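The following note sets out points for a colleague who is examining the model.

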Amino acid sequence: MWTKMADDALVLEVWKGDWDLPSVDSDCLAAIAYCKFSGVPVKVKPTNNPWKSPTGYLPIMKHGTTLETKVSNIFAHLRLQGWGADSNLTEKEGADVIAFCALLSEKLQPALLYSWWIDSKNYVDLTRPWYAKASPFPLNYYVPGKWQRQASCRVYHQKGGDDIEDWEVEAKVLKEAKECLNSLSYKLGDQDFFFGDLPSSLDAIVFGYLAPILKAPLSGSQLQSHLRACDNLCRLCNRILHRFFPPTPEEMEEKRKLKEKEAKAQTDSLEFPHTRRNKILAGIFAFTAMVVYAFMSGLVQIEFVDENNQSPAPVSSDNNEED
Amino acid sequence: MASLVAEAIQAEIGATERWPDNARLFQPYQVEQITFPDYAACLSIKTLLHMCGLKFKVELRANAEEMSPSGKVPFLQLGAFLISEVEPIIAAVKTRGFHLSADLTDIQKSELKAYIALIDNVLVNAELYLAWLHPETLEQVTKPRYGSVYCWPLNLILPWRKQREVKLKLVSLEWADRTMEEVCEEVHTCCQALSERLEKQQYFFGSKPTELDAVVFGHLYTLITTELPNKAIADVINKFQNLVDFCTRVDQIYFKDLNNDY
Amino acid sequence: MGTVHAKEPEKPLNVRRSANIKNLPVKVEKVVIDGLAKTKDDLVVQLIQPVFGAHNFEELIFTSLEVKSTLDRLGIFKRVQMTIDTSDESFGNDGYKILYEVEEKRTFSGSVNTLIGNNEGSLLFAFKFPNLFGRAERLSMEHTYGTNNTRGFGVELEKPVGGDPDTRLGGSVYQTQGEYPWSGYKETDRGVSLDLSFPTRLGAHGVKWAGEWRELKSLSRSTSFAVREQAGHSLKSSLKHTFVRDRRDDAILPTTGTFIKTSQEFAGLGGTAEFVKGDIELQANKSLFLDTVVQMSLAGGFMKSTDPQKEIKINDKFFLGGPLTLRGFNKHGVGPHSNGNALGADTFWLGALHLYTPLPFRPGKGGFGDLFKSHFFVNVGNCINYDYNRDVRDNARLLGENVRLAYGLGVVLRLGGVARLELNYVIPKWLQSCDSANPGLQFGIGLTFL
């Protein structure tokens, strides 16, 4: 299948972006980045709907009759079509790509899943509301919980032995992630991209993992602080963002509007700092007053009915039992 | 107690510890009981220790898996410390002053870690898949071996329980619903990467062996030489001549010439 | 004036007639049992037969009371009421009928009980069918939650054999798990068992076959290696005989009587555990002047592996030491230890001498105060692993060396007729370096004690 099916549009269904990123999901980011590196005429659709995906995950790549979801399969398909960002890699470098992808999957992904889905503060404050808001109804009730369980499974399956505490697994996951980041940092060195001046699939995948950690407003994340300390990796992410995902004029306009709205909301809340609290208190007071009036005026009465034990009670304390 | 607990997982015991004379490696019975995924791990460790020139005694126990602090074999007893699984053992060996990859550059060390992760990611899971999810191998090889040290009815119950456990692990890693062909494809990609990395060198990082060489040898040798009903994975590996030569070479130098047991 | 004399009545007003009930002939013509719904007739018919053998009134009373007690012990009736009456048909003066009014228990009942073990407690949720098929078959399902992470679940079915409520045949399926921190391991047991218990004139016997799959795991990373080496699976298929003869007046604070309990176990009918094991416990009490009681107890046990290659596992061994047995030592604190974990031993012996007195100044006499007793005691004992390189005499001599001894005084409280609570001040006098002693104040609660 070497013919370029340029007639059929290549569509990539992804999670939408936030925090200056084209998408918040690692796999989606990697797919989008690779397409941009290779100059693929892709149409990116932020559907936020993993329902139709055969694996239950985004991204979904549709090209004519082909449907792929796994990142490696997407890359393979694109390579077959002749769009490759890896065409200038040597064989050894190609092998390194595979090895480093495995490293990221083994060592970094658990920490990413942990920060996103298992760390309680971030899950409650950031992840769940974000995915609940982004997913279409009725998936917004179902998706966050399901992914949280899967993340939990993935992170804790490496437990091995009953007497290993959760915090030990977390410490280990974090430590390995930091080592992984260090390894990436060494590998990148002073270069612009991992294999010279042109980005490769490895850069796409690394970008997919690192950009969310860098940009998302996580609180108290050791992973994020460690990443921020790795200068060359931060520069890599920003470089890719600036070069391949420059903000469009519409996006800049939206950002400006958002900032204005936030500023206004802040001043509003300063004037009436407890608006919401007052509303609730007022409601409770009114309701209590109505209920009290109803009782006092006899509109509502409560009866106490003594129900005799007609049927034998199912549970009783049997003092004569001897075992 | 808390510090020992952390160390058992991290296995970064102080660098002042020496290698004790009574180091023992515990594993299940080699001839009748051990399954080939566990055997690959044991062989990797043994190769590493031979490469470092370290003395140790192999203890065969039917309950090695239950004795292990993390439930996985092999595990190493160094004095008062018990360390199990390949990576913590590598770390423990390092902190006792036997660092095979000490001369590598930082970039090379990163690459070493990446390739070991690749083995973990692909070969280990492929071995588990073949041993516990492939019906023929499961019934003919794995279950009889795993249950061979137990009497009835434990010899039926325990392999069944282990199989469920392994399946759960592979489900969480999304390996469980792959077909044999897909597994072979993954192994092919992995071996291709290894082969391209090795090229014509003697070892993966030049002329001196490193931890990666030990791990690669352990897994590839097991997969090539174990008698199994399904030879698909062995065939895939055999396509890469430099890998096969590598295995033969390491086998010759560290086992046959030194008269070491497998 | 004349005097009036009252005439004496012919007969005295209070008539006292006596009849010798031994000589009163009796013929039981009818026995009516009212209130049977689920219970099958043949079961009850078999039970009431003794009544028909009564020839005189005394025998009638005894046999009918015995039958009532038998019906009670079946465990299927809530209430048994007995009425002896003359029979309706005027067949002669000797005809009697006995009416038993019974009220059957509900089809099923649930209960929540607390159990007290030796320094541990648990909560038991039970669901019982006291009379499953009509012949006093009892099916019970139990779920236990306890200290030391004890969890258990079991289903048991038992029934009386031959119409005798004391002879019971039962079978059960169970799973329990618990932690043993003094030895550093946790164990999960799953098994089936079949048991038969029957009384004889000497005492109560029980014979039980159990097939059990035991899974032993180290409790934590600091478990000693000697215990860790025994982690794993074992299958025990064993036959055990128990004999108990309790002629004491009370199980917790006896004042008189003797007690003997002995058991023998043979493991090896299949499975991996192969050993023979026997133990015995004796107790004798005597009341002295002024409400004091002197009590002497002796216990001992022995086990031997039938397969010289196999060692007996830690979960089958004997353990010595504890707040109610060898006082002054921690639980299982006597004997071989490794890194703080008790390893157990093949043989042991233990002796105790107690002197019980009521509390000084007798507070609460006649009521609450009678539940308490103060006691002075001496405990002595030893446990060793049998040395197969030496003969029996040498091993017996070894048991006499390095004996542990402790003495002290304390207060004993009797709890609900089943459990015993002790608060003692103990001085361990003779001990070995490997023991884990607990001198001073020691608290213990449990069902069995020495």
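1. A residue is called buried here if 20 or more other C-beta atoms lie within 10 Å of its own, and exposed if 12 or fewer do. The model under review is predicted. With that cut-off, helix H11 (residues 241–256) of chain B has B:Leu243, B:Phe246, B:Cys247, B:Val250 and B:Tyr254 as buried residues. These residues lie on the same side of H11(B), because they cover an arc of only 95° around the axis. In general, an α-helix has 3.6 residues a turn, so residues three or four places apart point the same way.

2. What lies on each side of this helix? The buried residues of H11(B) pack against H2, H8, helix H9 (211–225) and helix H10 (232–238) of chain B. On the face of H11(B) turned away from its buried side are the exposed residues B:Gln241, B:Gln252 and B:Lys256.

3. Chain B as a whole has 11 helices and 4 strands. Its radius of gyration is 18 Å, close to the 18 Å that the globule rule gives for 262 residues, so chain B is as compact as a globular protein of that length. Taken along the principal axes, the C-alpha atoms of chain B fill a box of roughly 50 × 45 × 35 Å. Of the 262 residues in chain B, 45% are buried. Among contacts in chain B with a separation of 6 or more, 75% join residues 24 or more positions apart.

4. The division of chain B is into domain 1 (2–95) and domain 2 (106–256). Their C-alpha centres lie 19 Å apart. To the contact between them, domain 1 of chain B contributes 18 residues and domain 2 of chain B contributes 21 residues. On the domain 1 side, helix H2 (36–52) and helix H4 (86–95) of chain B are the elements that give two or more residues. H2(B) gives the most to that side, with 11 residues. By class, the domain 1 side comprises 12 nonpolar, 5 polar and 1 charged residues.

5. Chain A is likewise assigned two domains, domain 1 (10–246) and domain 2 (261–296). The centres of domain 1 of chain A and domain 2 of chain A, taken over C-alpha atoms, are separated by 43 Å.

6. How many residues does each chain give to the contact between chain B and chain A? Chain B supplies 24 residues and chain A supplies 25 residues. On the side of chain B that touches chain A, the elements giving two or more residues are helix H1 (2–10), helix H5 (106–133), helix H7 (154–172) and helix H8 (180–198) of chain B. H5(B) gives the most, with 12 residues. This side of chain B has 10 nonpolar, 6 polar and 8 charged residues.

7. The largest nonpolar core has 170 residues, and those with the most contacts inside it are A:Ala31, A:Tyr34, A:Ala99, A:Phe207, A:Leu210 and B:Leu118. Helix H3 (residues 91–118) of chain A gives the most to this core, with 17 residues. Leaving aside residues up to four places away in sequence, A:Leu210 touches A:Leu227, A:Leu233 and A:Cys237. Another core lies apart from the largest one and has 16 residues, among them C:Val28, C:Val51, C:Leu60 and C:Tyr100.

8. Chain C has 4 helices and 21 strands. Its radius of gyration is 28 Å, well over the 22 Å that the globule rule gives for 450 residues, so chain C is more spread out than a compact globule. Along its principal axes, the C-alpha trace of chain C spans about 105 × 65 × 40 Å. In chain C, 28% of the 450 residues count as buried. Residues 24 or more positions apart make up 57% of the chain C contacts with a separation of 6 or more.

9. The contact of chain C with chain B takes 13 residues from chain C and 12 residues from chain B. On the side of chain C that touches chain B, strand E10 (204–218), strand E11 (232–246) and strand E12 (257–271) of chain C each supply at least two residues. E11(C) gives the most to this side, with 3 residues. By class, the residues on this side of chain C divide into 3 nonpolar, 6 polar and 4 charged.

Technical notes
Residues are numbered from 1 along each chain as its sequence is written. Chains are lettered from A and ligands numbered from 1 in the order in which they are written. This is a predicted model: local features need pLDDT of at least 70, side-chain atom pairs count only at pLDDT 80 or more; totals for chains, interfaces and linings use all residues. The radius of gyration is taken over C-alpha atoms; the globule rule is 2.2 Å times the number of residues to the power 0.38. Two residues are in contact if their C-beta atoms, placed from the backbone, lie within 7 Å. A nonpolar core is a set of buried Ala, Val, Leu, Ile, Met, Phe, Trp, Tyr and Cys residues joined through C-beta atoms within 7 Å. Domain bounds come from an automatic or database domain assignment. Ala, Val, Leu, Ile, Met, Phe, Trp, Tyr, Cys and Pro count as nonpolar, Asp, Glu, Lys and Arg as charged, and the others, Gly among them, as polar. The arc is that of the directions from the helix axis to the C-beta atoms.
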